[in-house]
Structure formats: structure tokens, C-alpha cells
Amino acid sequence: MAAKITASVYTSHVPAIGAALDLGKTAEPYWQPLFKGYEYSKQWLKDEKPDVIFLVYNDHASAFSLEMIPTFAIGCAAEFKPADEGWGPRPVPTVIGHPELAAHIAHSVIQDDFDLTIVNKMDVDHGLTVPLSLMCGQPEAWPCPVIPFAVNVVQYPVPSGRRCFMLGQAIRRAIESFDTDLKVQIWGTGGMSHQLQGQRAGLINREWDNAFLDRLIADPEGQAQVPHIDYVREAGSEGIELVMWLIARGAMADINGGPKPIVKHRFYHVPASNTAVGHLILENHT
Amino acid sequence: MALNKPYQDVPGTTIFDAEQSRKGYWLNQFCMSLMKPENRTRFKANERLYLDEWPMSEEQKQGVLTRDLNRCIAAGGNIYFLAKIGATDGKSFQYMAASMTGMTQEEYAAMMLAGGRSVEGNRFMGEKSGEKK
């Protein structure tokens, strides 16, 4: 008996997508092409229903102000409420955690030399709830427990792609050493190219984003060596969120000598408000 | 030895690093306080009075009062924190983004619909005038 990672999901987590869903705007011409790109994914998630989702995201000055800035924070609580980001909390279900698996992962990953911050009380913002909405629609309850894993990508220096990729490998080892049969998915969220500040706001780099997707699939080890400055220059100051995708990618079986994952779905769309939206589903072989 | 900050030659961009964060601590914490409805009400009733409760620099206060987000960022503000001022004003994120670029919101929205701002000519300071460093 052991838990295993069955698949990884990658998606942007633009707040305006959450607002479009919550305000019933999904059929509007502006939003329709975006939500169409997730139709396959919603059915796939129903068919491949995981027991737990390990969800890598970043907080946007909601749970963490400048009082404390943890680089890697794992949510070990029994539940996490949607945060009030200034417009009232999103009308979405409370996120139910998996404290046993989360505590196990924290223990294992810290012993594996990654100094995680353990969080037992935390609200979760659009970074976590928008991916759930995109993949699950608008259910009464989320389909399974979720372990929130918050990465600091707001204050520089943020963790390097290389370190994120290695962390993903440590998370895989941790999950596989949990003595209960659980199907676990790992999601990496944020990006793609966008810049929300200064005279360069509105930057989008379609070519770079698609090269990132290609390389994340075929050569994640190479992508993990790309320095921050390339993300900033080419994909905008907030494009740096993409390092979080490398955590999910590092947890896949091929990084540990297994076969290459199966690409189940790939989608790219510009724009969602200020941002390029990218989405991938990679499955491990069973 | 000086810290490595290779991002300082990216045009129209201020990276919120530990140095900016230290400069902007109270400005950003003031923004954070606007997450609470009672604080939003007090701020809106008398902005200057509310700002004077915070140990912010006069430059930071002026940046907030004039809603000049570029000025706020130069003084240590971070966009995710500053966005809470916009939320208090009932403005969209796209409005705030446009306000930093010198474009109207309509022009900015049209640029995004057309695929966004191109990276060509926007990678290095002075690149447009051929002074690439």
C-alpha cells in the first residue's frame, strides 16, 4: 500500500477568471474561448478523480502580508477558507485539507533538506481557488481534499527554477512513502507571461510561453536551469510565477527514471485581463 | 561583494526585492489594512488623516493621494498590495494597469485583445533608441 502521483495539471490562476465565473459571464464572447479550453479538463478530472490534490500556488498579499514571507509553506490544516481579497470572499466551497498526508509530506520533505514553513491556519486566495474552479466548475463541494502549497513569488529573490524542480522530486518521494492507497494529483499554477506593473504592464510573449510549454513537457531538466532574469525579461515581472510549474513537473515519474508522461491536454489563450493563459495535463503511466 | 541584481536594466519595470520591500514596508502594510471594511470606510472619509496614522514617508503618502502607482512603486510599493487601493476605489485591475502605462483604459484593453504588449524593443533599457547595454 502506498500513495502515488497519477497526474500533474498546470494552469494560470488569473483572478478575473474567478470573477467571470462568479458573476455568470462565462458565455460572453470575451470569456467563451477561455472556458472552452477547460471543457476537456473538467470531464478528465471527473473520470480520473483523485483522492487528494497537492496544489502549488502563490498567495497575493492575502494570507501573507509583509509581516512574514515564507518561501515554501505547506497547509496542514483541516480546512482553508476562501480569502476576502477586498471584494468579499469568492462564493466557492471551503477547501478541505488532508492533515495526515500534509504532515507526512512536511516531515519527509524537511528531512530531505527543504525548509518548509508549516501553516495550520490560512485563508486561500484566487491563486488556489481559480484553478479549482477552472477544473471543477461550480460544485457545492470540491471533489476531494486539497493540500495548499504556497510559494513566495512576490518578493525577490523567489526560489530558483532548479530548486523548485528538486523540491518536486522530494514531494514525490514523500507522497510515495505514505502507507495508504491514495491517488494524488499535483498541480502547478500561475503565469503565463504577464506584467502587472510599470510602463511595461501588459507584456505578453506568446512565442516564449509556447516554448516553455514544449520544454516543460520534453526537457524539464533543461527548463529548470533557466535563470529568473530570463522569465522577467521575456515573460514579464509576474511571469516568474511559472517556476511553480517546475515543482509539479519535478514530481512526475519520468524524472525518477520512469517513462515520459502522456500529454492529455494542452491549451493556450490570450488574453485573460492582463495575462496569457496556459494549461497542460500530464499523466503518469499506470 | 555587491548583490547580483541583473533585473535592473529591464525597462518600465521595478522588481520588488528585499531592498524595495524594506523601503515600502509601511506603505504596503497600509495597503494591507484596506482589506478590512471598517478601515476602508475610515480611509475614504479622510484619506490624509488615515495616512498620517502610518509611519510612511511624505513621498509615499503623496503617491497614494494622487493615485500615482508608478510613484508608489518607486517608493517601495508592490502591485499586489497597491491593488487594494484600487479595490477600495472600486477600480478594476485593468484600470490600474492602464494607469501605469500612460494609456487610457480603452487603449490598454484594446492592446491586450490584440495580443498584449510586444517584448520586441522592451527587453533592455535604451533598446528602442539603439543603446542596448
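The tour starts with the whole model and then goes stop by stop through its chains.

**Stop 1: the whole model**

Colour by chain to begin. What you see is a predicted model, and its scores are ipTM 0.94 and pTM 0.97. For chain B, the average pLDDT is 94, and 95% of the residues score at least 70.

**Stop 2: chain A**

Of the 286 residues, 55% count as buried. Take the contacts in chain A between residues at least 6 apart in sequence: 83% of these join residues at least 24 apart.

**Stop 3**

Select A:Tyr156 and A:Pro157, which are joined by a cis peptide bond with omega of about -5 degrees. A:Pro157 sits in the loop between β7 (146–151) and α6 of chain A. A cis peptide bond also joins A:Val270 and A:Pro271, with omega of about -10 degrees. You will find A:Pro271 in strand β9 (residues 262–272).

Next, select A:Ala61, in the loop between β2 (52–57) and β3 (72–75) of chain A. Its phi is positive, about 55 degrees, although A:Ala61 is not a glycine. Is A:Ala61 buried or exposed? Count the C-beta neighbours inside 10 Å: there are 23, so A:Ala61 counts as buried.

A:Asp113 is not a glycine, yet its phi is positive, near 80 degrees. With 9 C-beta neighbours inside 10 Å, A:Asp113 counts as exposed.

**Stop 4: the nonpolar core**

Select A:Leu55, A:Ile74, A:Ile171 and A:Met244. Of the 122 residues in the largest nonpolar core, these four touch the most other members. Helix α6 (residues 161–176) of chain A gives the largest share of this core, eight residues. Domain 1 (16–90) and domain 2 (103–133) of chain B both give residues to the core too, so it lies between them.

Zoom in on A:Met244. Leaving out residues up to four places away in sequence, A:Met244 touches several residues, including A:Val56, A:Tyr57, A:Val151, A:Cys164 and A:Gly188.

**Stop 5: chain B**

Hide chain A for a moment and select chain B. How many helices and strands does chain B have? The count is nine helices and zero strands. Its C-alpha atoms fill a box of roughly 50 × 45 × 20 Å along the principal axes. Buried residues make up 34% of the 133 residues in chain B. Among contacts in chain B between residues at least 6 apart in sequence, 51% join residues at least 24 apart.

Colour residues 16–90, which are domain 1, and residues 103–133, which are domain 2. The C-alpha centres of these two domains of chain B lie 27 Å apart.

**Stop 6: helix α7 of chain B**

Select α7(B). Eight of its 11 residues are buried, so α7(B) is largely enclosed by the rest of the structure. Among the buried ones are B:Ile79, B:Tyr80, B:Phe81 and B:Leu82. What covers the buried residues of α7(B) includes α2, α5 (58–65), α6 and α8 of chain B. Just after α7(B), look for B:Gly90, whose phi is positive, about 75 degrees.

**Stop 7: B:Arg40**

Select B:Arg40 in helix α3 (residues 37–45) of chain B. With 19 other C-beta atoms within 10 Å, B:Arg40 is partly exposed. Leaving aside neighbours within four places in sequence, B:Arg40 is in contact with B:Leu34 and B:Thr88.

**Stop 8: where the chains meet**

Bring chain A back. Here 42 residues of chain B are in contact with 32 residues of chain A. Several helices of chain B each supply at least two residues to the side that touches chain A, among them α1 (18–23), α2 (25–33) and α9 (105–113). By class, that side of chain B has 24 nonpolar, 14 polar and four charged residues.

Terms used: Residues are numbered from 1 along each chain as its sequence is written. Chains are lettered from A and ligands numbered from 1 in the order in which they are written. This is a predicted model: local features need pLDDT of at least 70, side-chain atom pairs count only at pLDDT 80 or more; totals for chains, interfaces and linings use all residues. Domain bounds come from an automatic or database domain assignment. Two residues are in contact if their C-beta atoms, placed from the backbone, lie within 7 Å. Helices (H or I, at least four residues) and strands (E, at least two) are DSSP runs, numbered from the N terminus. Ala, Val, Leu, Ile, Met, Phe, Trp, Tyr, Cys and Pro count as nonpolar, Asp, Glu, Lys and Arg as charged, and the others, Gly among them, as polar. A residue is buried if 20 or more other C-beta atoms lie within 10 Å of its own, exposed if 12 or fewer, and partly exposed in between; C-beta atoms are placed from the backbone. pLDDT is the predictor's confidence in each residue, from 0 to 100. A nonpolar core is a set of buried Ala, Val, Leu, Ile, Met, Phe, Trp, Tyr and Cys residues joined through C-beta atoms within 7 Å.
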